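Student: Can we go over this one? I'd like to start with the surface.

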Amino acid sequence: MKYSSQYKPLTLDLFRSSFEDLNKTNRWVLLGDNLPWGGD
């Protein structure tokens with residue numbers, strides 16, 4: 001028997017588009033901008 005999922009995997013593009021609308025003056029957004037995420 002072969003397993004197949006009915007759900008599609010989430011992509012990072014989905015998350016990026018939802019984060020673009022965040023308030024840039026929010027203290028949690030500002031904190032996140034200052035964290036060393038390792039991508040830079």
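Student: Which residues make the nonpolar surface patch?
Tutor: Trp28, Leu31, Leu35 and Trp37 make a patch of about 530 Å². Patch members have over 30% relative accessible area and no salt bridge, with nonpolar side chains joined within 5 Å. This is a predicted model, with local features needing pLDDT of at least 70 and side-chain atom pairs 80 or more, while totals use all residues. Residues are numbered from 1 along the chain, and side-chain values use heavy atoms, without hydrogens and water.

Student: Where is tryptophan 28, and is it buried or exposed?
Tutor: Tryptophan 28 sits in helix H2, residues 27–34 (a DSSP run of H or I, at least four residues). Tryptophan 28 is exposed because its relative accessibility is 59% (exposed is over 50%, buried under 20%, 1.4 Å probe).

Student: And where is tryptophan 37?
Tutor: Tryptophan 37 is in the segment after H2. Its 67% relative accessibility is why tryptophan 37 counts as exposed.

Student: What does its side chain reach at 2.6 Å?
Tutor: The side chain of tryptophan 37 reaches the backbone oxygen of glycine 32.

Student: How much of the chain is buried?
Tutor: Buried residues are 5% of the 40.

Technical notes. Patches are made of residues with over 30% relative accessible area and no salt bridge: like charges are joined within 9 Å, nonpolar side chains (Val, Leu, Ile, Met, Phe, Trp, Tyr) within 5 Å. Accessible areas come from the Shrake-Rupley method with a 1.4 Å probe; for residues, only the protein chains shown count as cover. A salt bridge is a side-chain nitrogen of Lys or Arg within 4 Å of a carboxyl oxygen of Asp or Glu. Helices (H or I, at least four residues) and strands (E, at least two) are DSSP runs, numbered from the N terminus. A polar contact is a pair of N or O atoms within 3.5 Å; within protein, one must be able to donate a hydrogen and the other to accept it, and residues adjacent in sequence count only if both atoms are side-chain atoms.
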